[in-house]
Amino acid sequence: EKERLAAIAAAERIRQESLAAAAAAAAEQAAAEARAAVVASSSSSSASSSSEAAAAAQDNAQALAQAAAPAAPAANIPDPTTSDAPTMSASAPAAGSGGDSAGQIAASAAMTKIGFAYVYGADGPSAYDCSGLTTWAWAQAGVSIPRTSAEEANFPEVSLDQLQPGDLVTYYSPVSHVAIYVGNGMVVSAADESLGIIYVPVERGGPNASGHRVPRG
């Protein structure tokens, strides 16, 4: 029983760290947008209007950061079969730079599902398994890909240091898990029933990581 409770606590800690990382990325993105708004405003209006724009932009950044902030850790992991998993859709950070528009769309779509539940065989809208998430994300970019991680592992390989948003990262040997790279060294992974869909560094997605590029067209 002690081991079971320890495993639950560890999973909840990882889940909360994932949500906190996503919230921090969203806040950083909001701050960058606020700075850009100030620069744009100062180049086209008076100092007074620039100050007002800066204040408004800062308010927007704070609101976004607060909306993205994870809830306090729960005593138990939520039931993954329910549809009330926390959603990042209103405040999810954008994918990192690089790649093409299709990869950006797929990566950004996956980011909106951080915090959702994992259910084996599910492909949305309130729960996903690993390849259910990757196929759904790529479908948002108008690209149909195979449904299983083993099939997705057949895509052309790309080294981990050359990953671009939208690339897939498979794990284990033989392959039994897949996540989607979203930039800045991070993947979105529908991990398991305890963790749900998390935002973690590539190396924390599992062992034997291998990058793969989704063919377009």
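Student: Is Asp167 buried or exposed?

Tutor: Buried, with a relative accessible area of 1%. The cut-offs are under 20% for buried, over 50% for exposed and partly exposed in between, using a 1.4 Å probe and protein chains only. Keep in mind that this is a predicted model, where local features need pLDDT of at least 70 and side-chain atom pairs count only at pLDDT 80 or more, while totals for chains, interfaces and linings use all residues. Residues are numbered from 1 along each chain as its sequence is written, and side-chain values use heavy atoms, with hydrogens and water left out.

Student: Where does Asp167 sit, and what does it touch?

Tutor: Asp167 lies in the loop between β3 and β4 (strands are DSSP runs of E, at least two residues, and helices are runs of H or I, at least four, numbered from the N terminus). Its contacts (heavy atoms within 4.5 Å) include Val158, Tyr181 and His212, not counting residues up to four places away in sequence.

Student: Which backbone nitrogen does the Asp167 side chain reach?

Tutor: That of Gln164, at 2.7 Å.

Student: Switching to the sheet: what's the strand order?

Tutor: β3-β8-β4-β5-β6-β7, an open sheet of 6 strands with antiparallel pairing. Two strands pair if DSSP finds at least two bridges between them. β3 (157–158) and β7 (196–201) each have a single partner strand, so one side of each is left without a neighbour in the sheet.

Student: How many bridges join β4 to β8?

Tutor: There are 3, between residues 168–171 and 210–212. Val169 has Gly211 as its bridge partner in β8.

Definitions and conventions: Polar contact = N/O pair within 3.5 Å; in protein donor to acceptor, adjacent residues only side chain to side chain.
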